[in-house]
Each structure stands twice: as structure tokens, then as C-alpha cells.
Protein chains: 2
Amino acid sequence: MPNPHTDSSACGLSDPRQCGVEATLDLIGGKWKGVILYHLLGGRLRFNALSRRLGAITQRMLTKQLRELEQVGLIVRTVYAEVPPRVEYSLSARGQSLKPVILALKAWGDENVLAAEAMQAAG
Amino acid sequence: MPNPHTDSSACGLSDPRQCGVEATLDLIGGKWKGVILYHLLGGRLRFNALSRRLGAITQRMLTKQLRELEQVGLIVRTVYAEVPPRVEYSLSARGQSLKPVILALKAWGDENVLAAEAMQAAG
DNA sequence: CATGACAGTACCCTTTTGTGTACTACCTAC
DNA sequence: GTAGGTAGTACACAAAAGGGTACTGTCATG
């Protein structure tokens, strides 16, 4: 009986896009993308609202990450022709489909990293 | 009724380690770590066996990624005092606990990236 | 008229990631 | 003796990710 990892969509092996794990991490990996998507799970947000939630991010990085997320179709950028200008970011349908993934990342991190650090601090 | 995102372990906001999403991506993000962990879900593997499965990775990078995963306690490195030397890598208990996260990443990637590319290629 | 919010852009810099090649030292098979 | 497998290390280098500061132009507030 073969290993379940060998029968379909093998990871690695010449073609880097053969692996779903790598493909997903390509899109949501990096320091900010996952967190941005997490915040957008709660609903549409404006540029500066996102900026305040992320705290430490620079405008340059936020712009860059948002453009990249838009380019791969995970978020939608809506510009309102108002004065002052208003731009809202929201998840696309495909972005919404990431919800279980994002929540899994968050749940594990809360359990295994934040809790561990709290124990060390108390320890 | 408050947004579920505001009540606990907020993402961003001054302390970067406050967010489970970011904490998890810090550990498994990057080009290789997720895929390495995925392969180790199938059982222990030796250095060169991993190298062959990943295909495109250099020895230098593989060593580096494995050391980092070991340092954060996700994998265990076992050296057998044999000739020729044998080194096996396996998931720690904490690494095993990542299984649902890794599988979620893979499932989404297989569905949303690989399938999309296949359609584009056929379309 | 100065300040601040809005949504960014431009430029320069450092750090991290990743690539390529060569090398170690021991053993087995040919 | 030569080639190949074992698990790496060492060095130089290119590319990507991330960061800091300053600046734009329009509008509202004071």
C-alpha cells in the first residue's frame, strides 16, 4: 500500500507548482499577507483602517501587499470617486474560500505559539 | 455585538506576536518549510531522501530550513552513530499537531491554484 | 494659513532568501 | 583505483523581501 503522499499532486520534484502546500504559501506567505486576509475576514476595510490594525506596517509595504493580493485575485479594491478619496478592500469569493485555512493558522498559532510564550513568561 | 476579531488575540497592533496567523506563518512560511513538513507527515525521512523529494532545493538551503525547524521544535533530528552516518528527520509532537494546518494549506492549494492552472492550460 | 486625514508614490537601504560551485571524510561497489 | 552514496560545510553571489524617510494633492478643521 503506497504512502498517501505519493499518489497525487506530489510536492517538489522538478515542478514547483505541483504542490498545493507550496502553492498556497506562495500566495499567503510572507510577513503580512496572512494577517491582512484575517482582518478582511471581518469585512471590508479602508487603507488607513488596515494600516492601524496592522500597527507596525509601513504604507509602502501595505500598498505592496495589497497590490499583490489583488493581482492573484484574493481581494478586491474598490475606489469611490469621492472627495476625499475612499478606497475599500474586501475579500473576493476566492479570498473567502481561504477562511478555513486562515482560521486553522490562527487557531494553531494561538494554541502553540502564544500559549507557549505565555507559559515561558510565567514559568 | 462586537466583531469576533476584536475580542481576543488581536492581529497586529504594536506587538507582532499577538496574532496567531502571523505567529504560525513565521514558523512554516517561506518557500520550503511547509513542503518539508508535509513530506514528514508521511513518516521519518533521511536528508538525501528529503532532498530528492523536494527536487529543486540546494543542500545549503535544506540544511538551513531543517535547522530552523528543529530550533523551533517542529521536527526532531536523530543521528545514528553508524558508518556511513545516518540522520533521520521526523515530526515532533508539536510538529504532528500542525497536520490539520498543513492539510488545509494543501487542500486549498490543490483546489484553487493547481486546478485553476489546469483550467487555464486547457482553456 | 497651519494641521491633519486620506491613499498612496519615490528613493535608498539592510536583511533574508535562494543559487552555484567546490570541498570534507568515510564507506561500498565495480 | 574510480565512482558513487552519506550528510553535510564554506564561500561568493544574485534576487527578493522588508524597512525608513520623505513627498504628493485634495479636502476639512481650527
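1. Start with Arg46(B): one of the polar atoms in its side chain sits 2.9 Å from a sugar or linking oxygen of DNA strand D. Keep in mind as you look around that this is a predicted model.

2. For Tyr89(B), a side-chain N or O atom is 2.8 Å from a phosphate oxygen of DNA strand D. For Arg52(B), the corresponding distance to a phosphate oxygen is 3.4 Å.

3. Which elements give two or more residues to the surface near DNA strand D? Chain A brings α4 (59–71), while chain B brings α3 (47–54), α4 (59–71) and β3 (86–91).

4. Stepping back, you'll find 21 residues around DNA strand D, and the closest are Lys31(A), Arg60(A), Val83(A), Arg77(B) and Tyr89(B).

5. Now for the packing of α4(B) against another helix. Its partner is α2(B), residues 33–41, with the two axes 10 Å apart and an angle of about 75 degrees between them. Angles from 65 to 115 degrees count as roughly perpendicular, so that is how α2(B) lies relative to α4(B).

6. Who makes that contact? From α2(B) come Lys33(B), Ile36(B) and Leu37(B), and from α4(B) come Leu62(B), Gln65(B), Leu66(B), Glu68(B) and Leu69(B). By type, the residues of this contact are five nonpolar, one polar and two charged.

Terms used:
Residues are numbered from 1 along each chain as its sequence is written. Chains are lettered from A and ligands numbered from 1 in the order in which they are written. This is a predicted model: local features need pLDDT of at least 70, side-chain atom pairs count only at pLDDT 80 or more; totals for chains, interfaces and linings use all residues. Side-chain values use heavy atoms; hydrogens and water are left out. A residue is near a molecule or strand if one of its heavy atoms lies within 4 Å of it. A polar contact is a pair of N or O atoms within 3.5 Å; within protein, one must be able to donate a hydrogen and the other to accept it, and residues adjacent in sequence count only if both atoms are side-chain atoms. Helices (H or I, at least four residues) and strands (E, at least two) are DSSP runs, numbered from the N terminus. Axes are lines fitted to C-alpha atoms, for helices over the stretch in contact, and angles run from 0 to 180 degrees between N-to-C directions. Angles under 35 degrees count as roughly parallel, over 145 as roughly antiparallel, 65 to 115 as roughly perpendicular and the rest as oblique. Contact means heavy atoms within 4.5 Å. Ala, Val, Leu, Ile, Met, Phe, Trp, Tyr, Cys and Pro count as nonpolar, Asp, Glu, Lys and Arg as charged, and the others, Gly among them, as polar.
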